[in-house]
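This report describes the structure shown below. It moves from the conventions to the contact between chains, and then to selected elements and residues.

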Amino acid sequence: MSFWQTIVTLPARRSVRVGISLFVIAFLGLFWTTGFNYQRLSKVEAASLRSPKGAAKVAPAVLQKEQRQLKTALNKKVIGANYIVIDVTNNRLVLRTRDAVLREAKCSTGSGIRLKEGGGKGREWQFDTPRGMFHVLQKVEDPVWKKPDWAFVEEQEPVPNNPNDRMEPDMMGEYGLHLGHGYLIHGTLYERLLGRSVTHGCVRLGRDDLRAVYAASKIGTPVIIY
Amino acid sequence: MRRARSGRRSSFIDGLISLGLVIALLGANKPGKTPGAAGKSSSAANATELASANAQLRRQLDLATGDTFYYTLDPVRRVLRFMYQGNVLFERNLLDVEVGTRRGFLGKGAAPKDWAERVWSSGALEPPRTSSRLELDASSADYKTQRDENLVPPTPEEAYPAPEVWWIRYAGGMAVEVHGVADTTRTRPGFFANLSQQCQDSLKALVASNHDAIRIRLYLPRPQSDMLYRSVPPETRFTILPVS
């Protein structure tokens with residue numbers, strides 16, 4: 001006896017057959033009413049693009065003028081020169097123009113660590129790289145790190161009163177690009193950590209990438225961080 | 001006799017010339033050249049096309065003026081762009097793009113009619129990237145041990161492993177579903193694979209807490225899909241570029 005014959009003859013009682021039929025119908029009904037109909041987007045979207053209400057009543061000349069104005073407004077938003085894009089989760093920096101990627105590099109961004117000073121002082125710091133639109137405000141060769149208070153707290157050292165005791169040369173590589181609020185794109189002594197989130201908020205780059213980014217940037221170059 | 005013949009011939013030639021002129025005039029007066037019913041309809045079609053393009057430009061301008069990160073999808077070129085204030089941050093070539101419209105029961109849960117013309121907003125990643133922020137107290141006894149343990153943090157791949165399929169869910173039941181595929185020569189699934197996929201979708205839709213009304217499915221090579229998953233910021237927006 002074949003499989004199908006077994007299936008047909010097994011429910012000998014009429015009520016069982018009716019039950020099975022109802023179950024199959026219910027299953028198919030559920031299937032057809034809960035799922036999705038998939039198709040290529042280009043076809044659907046072309047069909048679904050409808051004209052805005054009252055469009056035909058407006059003279060084409062008026063619409064063409066409006067279109068020119070909209071395109072001009074949109075083009076004003078677009079950066080015409082080089083700009084820098086930083087992905088803080090993937091730790092990737094891209095130097096690009098509107099149409100082309102000029103250089104892609106591994107970088108290091110903020111660790112996300114929250115440091116508490118403790119001892120009743122109540123100060124705390126959060127080491128995140130901020131997101132949004134920034135600009136290169138200053139370009140520096142051989143930058144010297146002026147250690148902030150948290151750098152001493154982190155090392156459990158007393159915060160010095162003499163500003164000269166805060167100066168740390170050779171820590172930030174050959175170049176520094178200031179983005180404001182104490183954030184920079186700079187070099188690092190720890191290139192093996194590139195690609196990991198280890199910084200206090202700055203963006204670290206390897207030597208060759210830093211040279212290329214520094215050469216391709218000028219004061220005002222936009223830096224978009226996400 | 002000759003004159004009569006030549007007269008007949010000349011009148012025949014005159015007839016031909018006038019017939020030619022009539023045809024030429026008719027040709028010159030073809031519909032569309034002068035204001036007529038057909039002319040009106042072509043002008044209306046032109047206005048409709050322009051108005052539609054302007055609406056799309058207004059949406060793009062609205063996105064570019066805001067302070068949120070957003071995606072634009074070009075379904076014809078199969079390109080997904082990630083943008084901020086009108087500038088491209090990155091673009092990904094997609095292997096395939098599909099749209100799934102919810103079947104729904106008697107139209108219940110169906111997508112809004114203008115889904116393709118809307119700006120989708122309040123995008124939330126699912127499953128979300130969870131990261132526990134490390135807190136260090138410099139005055140605590142085990143501070144140095146804790147600090148030294150975290151000197152080399154995990155790589156992004158280790159910290160945020162990306163699933164094979166993930167979503168960005170937007171307000172109003174609209175979602176982008178991203179599939180990371182190992183086979184970059186992906187072709188359309190066969191009948192049985194498609195049926196199996198549909199059954200799985202139906203069962204998932206039954207038990208899902210999020211009931212999408214419309215779902216854009218993007219297929220990307222797995223490494224790109226993983227990287228995209230890790231890069232999605234909170235509260236993104238999304239729009240589909242028109243077919244032009």
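## Conventions

Helices (H or I, at least four residues) and strands (E, at least two) are DSSP runs, numbered from the N terminus. In this sense, B:Ser122 lies in strand 5 of chain B.

The structure is a predicted model, in which local features need pLDDT of at least 70 and side-chain atom pairs count only at pLDDT 80 or more, while totals for chains, interfaces and linings use all residues. Residues are numbered from 1 along each chain as its sequence is written, and chains are lettered from A and ligands numbered from 1 in the order in which they are written.

## Chain A in outline

Chain A holds 6 helices and 14 strands. A residue is called buried if 20 or more other C-beta atoms lie within 10 Å of its own, exposed if 12 or fewer, and partly exposed in between, with C-beta atoms placed from the backbone. By this criterion, 28% of the 226 residues of chain A are buried.

Two residues are in contact if their C-beta atoms, placed from the backbone, lie within 7 Å. Among contacts in chain A between residues at least 6 apart in sequence, 60% join residues at least 24 apart.

## The contact between the chains

On the side of chain B, 67 residues are in contact with 64 residues of chain A. Helix 2 (37-65), strand 3 (87-93), strand 4 (96-102), strand 6 (135-137), helix 5 (191-207), strand 9 (214-221) and helix 6 (222-231) of chain B each supply at least two residues of that side. Helix 2 of chain B gives the most, with 16 residues. The side of chain B that touches chain A comprises 36 nonpolar, 19 polar and 12 charged residues; here Ala, Val, Leu, Ile, Met, Phe, Trp, Tyr, Cys and Pro count as nonpolar, Asp, Glu, Lys and Arg as charged, and the others, Gly among them, as polar.

Strand pairing also crosses between the chains; two strands pair if DSSP finds at least two bridges between them. Strand 1 (residues 36-40) of chain A pairs with strand 4 of chain B in the antiparallel sense over 5 bridges. Within strand 4 of chain B, B:Thr101 stands opposite A:Asn37.

## A sheet built from both chains

An open sheet of 3 strands has the order 6(A)-5(A)-6(B), with mixed pairing. Its edge strands, each pairing on one side only, are strand 6 (124-126) of chain A and strand 6 of chain B. Strand 5 (residues 114-116) of chain A runs antiparallel to strand 6 of chain A, and 3 bridges join them. In strand 6 of chain A, A:Glu124 stands opposite A:Lys116.

## Nonpolar cores

A nonpolar core is a set of buried Ala, Val, Leu, Ile, Met, Phe, Trp, Tyr and Cys residues joined through C-beta atoms within 7 Å. The largest has 64 residues, of which A:Ile84, A:Ile86, A:Leu179, A:Leu205, A:Val223, B:Leu89 and B:Leu218 touch the most other members. Apart from this core lies another, of 5 residues, among them A:Leu115, A:Phe127, A:Val153 and B:Ala138.

## Strand 7 of chain B and its partners

Strand 7 (residues 165-170) of chain B has a covered face, B:Trp166, B:Ile168 and B:Tyr170, and an uncovered one, B:Val165, B:Trp167 and B:Arg169. It runs antiparallel to strand 5 (residues 120-126) of chain B, to which 3 bridges join it. Strand 7 of chain B also pairs with strand 8 (residues 174-181) of chain B, in the antiparallel sense over 6 bridges. B:Ile168 takes part in both pairings: its bridge partner is B:Leu125 in one, and it stands opposite B:Val176 in the other.

Strands 7 and 8 of chain B form a hairpin with 3 residues between them, and B:Gly172 in the turn has a positive phi of about 85 degrees.

B:Ser122 counts as partly exposed because 13 C-beta neighbours lie inside 10 Å. Not counting residues up to four places away in sequence, B:Ser122 touches B:Tyr170, B:Ala171 and B:Glu235.

Helix 6 of chain B is largely enclosed by the rest of the structure, because 7 of its 10 residues are buried. These are B:Ser225, B:Asp226, B:Met227, B:Leu228, B:Tyr229, B:Arg230 and B:Ser231. They pack against strand 2 (83-87) of chain A together with strand 3, helix 4 (156-159), strand 7, strand 8 and strand 9 of chain B.

B:Arg129 is placed in the loop between strand 5 and strand 6 of chain B. With 17 other C-beta atoms within 10 Å, B:Arg129 is partly exposed. Leaving aside neighbours within four places in sequence, B:Arg129 is in contact with B:Tyr160 and B:Arg230.
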